[in-house]
Amino acid sequence: MSEISFTAQVDRHFYKAAAHTKHPPGLLEQIRVCNSVYAFTFPIRKDDGTIEVIHAWRAEHSMHKTPTKGGIRYASHANQDEVVALATLMTYKCALVEVPYGGAKGAVCIDRRQYSDAELERITRRYTFELVAKNFIGPGIDVPAPDYGTGAREMAWIVDTYEQIATSKLNAAGCVTGKPIAQGGIRGRTTATGLGVFFGIRETCLDKGFMKDLGLQRGVGGKRIVIQGLGNVGYHAACFLHDAGAVVTGIAEYNGGIRSQSGIDPRAARKHFREHGSLLGFPGTTDVENSLELLEADCDILIPAAIENVITDENAGRIRASIVAEAANGPTTAAAAEMLLERGVLILPDMYLNAGGVTVSYFEWLKNLSHVRMGRMEKRFEEASNRRLLAAMEAVTGYQLSEAVLGTAAKGASEEDLVRSGLEDTMVNAHHASCEVARRHGVDLRTAAYIMAIDKIALIYAERGIFP
């Protein structure tokens with residue numbers, strides 16, 4: 001396998017796309033480079049009384065729009081290059097789906113499974129304190145979110161710590177997204193990235209041109225799916241695809257995987273994983289001890305939904321999927337992507353496909369700044385309006401609807417309804433826009449997404465008068 005850093009891989013995609021634009025070199029360099037990186041260490045006292053020094057980072061890639069936005073991951077493999085690369089991807093991702101943030105990312109170099117809940121809380125709170133001290137967090141500065149190894153609980157600790165030391169309390173809840181509902185979170189955030197993955201795959205499978213080129217029938221129904229990673233993103237994507245009629249034929253986790261051509265219920269599989277600590281032994285399936293082998297399984301859609309660099313130039317030639325849907329960040333190396341494209345494999349790029357998380361994080365941030373739950377002011381009004389319309393229809397037709405039907409048809413939009421609607425609109429619009437750019441320039445979807453991101457960021461600089 002060729003050795004190339006994660007940041008270099010992102011830059012390789014950037015340069016490929018930049019060649020299709022007419023922006024001056026200085027502007028392209030400003031868009032590409034990372035604005036600032038904060039690398040730091042801090043001590044924590046473990047439960048046994050010993051002291052451990054923790055290594056952590058926060059990168060803010062671009063200030064073309066503020067605040068910056070990006071998740072915090074807890075991973076033993078975390079390093080500065082990875083953090084910078086992920087922050088860079090976040091800049092392009094936000095621009096692509098028109099979420100008004102610059103890109104950022106954070107990481108703490110730990111294996112969370114080796115720490116107690118109390119130790120994780122101390123690590124999270126100290127990490128937050130360090131960010132506050134260096135002005136790397138705040139609702140108008142930099143807004144973190146969950147990522148690999150973190151979730152709503154860690155975000156709750158972050159916002160609680162920030163609120164204790166922030167000089168302004170008014171919008172303090174907006175310092176982080178992905179929080180529990182009781183602390184200012186938004187309904188639909190947990191499933192957002194997986195649902196976004198579903199919307200992206202659904203739109204692709206409805207595209208006559210793509211399906212004809214791949215020799216597949218239109219629609220999600222019947223598509224054979226293999227998913228690597230049954231975490232938050234992979235699990236919810238699997239559930240939405242399963243419910244839409246796709247057949248999940250393989251699921252891979254870090255300690256083993258399973259396969260079954262007749263299909264796997266992802267909900268039952270995750271229950272088994274939680275009860276036994278492994279997917280192995282799940283009834284009705286065949287065990288795959290080396291889960292990476294499932295990446296090479298015969299399927300219609302392969303969804304790497306765990307970590308970066310799992311599809312490389314070493315195994316790309318053995319990938320048998322017609323579509324690689326990148327639910328994780330950077331799962332395919334630049335060299336592997338070129339190999340897959342040469343073979344006619346359709347790649348749905350990460351910077352588009354997993355944008356559901358940051359999109360709904362944006363909705364949560366807006367909710368925190370406005371201090372009102374989405375749907376609170378209009379839900380009952382919509383329901384009353386719908387009932388009046390249905391009553392008029394009954395008067396004209398003479399047909400009386402049952403109360404059950406009236407209740408369903410007249411229902412006003414809840415917060416989660418609005419979140420899902422906004423997410424679907426974002427993913428559908430971004431898909432069709434990137435497809436149009438891809439066809440106009442004769443490039444793949446990833447290059448098209450980068451072209452769109454570069455053009456949108458360049459326009460902001462031009463409007464400020466910084467570059468001609």
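Which residues touch the most other members of the largest nonpolar core?

1. Please keep in mind that this is a predicted model. In the largest nonpolar core, which has 77 residues, Ile31, Tyr92, Ile201 and Ile303 touch the most other members. Helix α16 (residues 445-464) gives the most to this core, with 11 residues. Apart from it lies another core of 26 residues, including Tyr38, Leu131, Phe136 and Met155.

2. Ile201 is worth a click in your viewer. Setting aside neighbours within four places in sequence, Ile201 is in contact with Leu241, Ile301, Ile303, Ala325, Leu348 and Leu353.

3. The largest cavity holds about 80 Å³, and α1 (6-18) supplies the largest share of its lining, 4 residues. Among the lining residues are Phe6, His13, Glu326, Asp350, Arg446 and Tyr450. By class, this lining divides into 5 nonpolar, 4 polar and 3 charged residues.

4. The second largest cavity, of about 50 Å³, has a lining of 6 nonpolar, 2 polar and no charged residues. The largest share, 3 residues, comes from α15. Leu348, His431, Cys435 and Leu445 are among the residues that line this cavity.

5. Finally, an open site: the second largest pocket has a volume of about 260 Å³. Of its 14 lining residues, Phe210, Asp213, Leu346, Asp444 and Leu445 are the closest to its centre. α7 (208-214), β12 (346-348) and α15 (415-441) each supply at least two residues of the lining, which has 10 nonpolar, 1 polar and 3 charged residues.

How values were computed
Residues numbered from 1 in each chain as written. Predicted model: local features only at pLDDT ≥ 70, side-chain atom pairs only at ≥ 80, totals over all residues. Heavy atoms only, no water. 1 Å grid on protein atoms, 1.4 Å probe; cavity = no way out; pocket = protein on both sides within 12 Å on 5 of 7 lines; lining within 4 Å. Points joined across faces, edges and corners; volume = space filled by probe spheres on them. Nonpolar A, V, L, I, M, F, W, Y, C, P; charged D, E, K, R; others polar. Core = buried A, V, L, I, M, F, W, Y, C linked by side-chain atoms within 4.5 Å. Buried < 20%, exposed > 50% of the residue type's maximum accessible area, 1.4 Å probe, protein only. Contact = heavy atoms within 4.5 Å.
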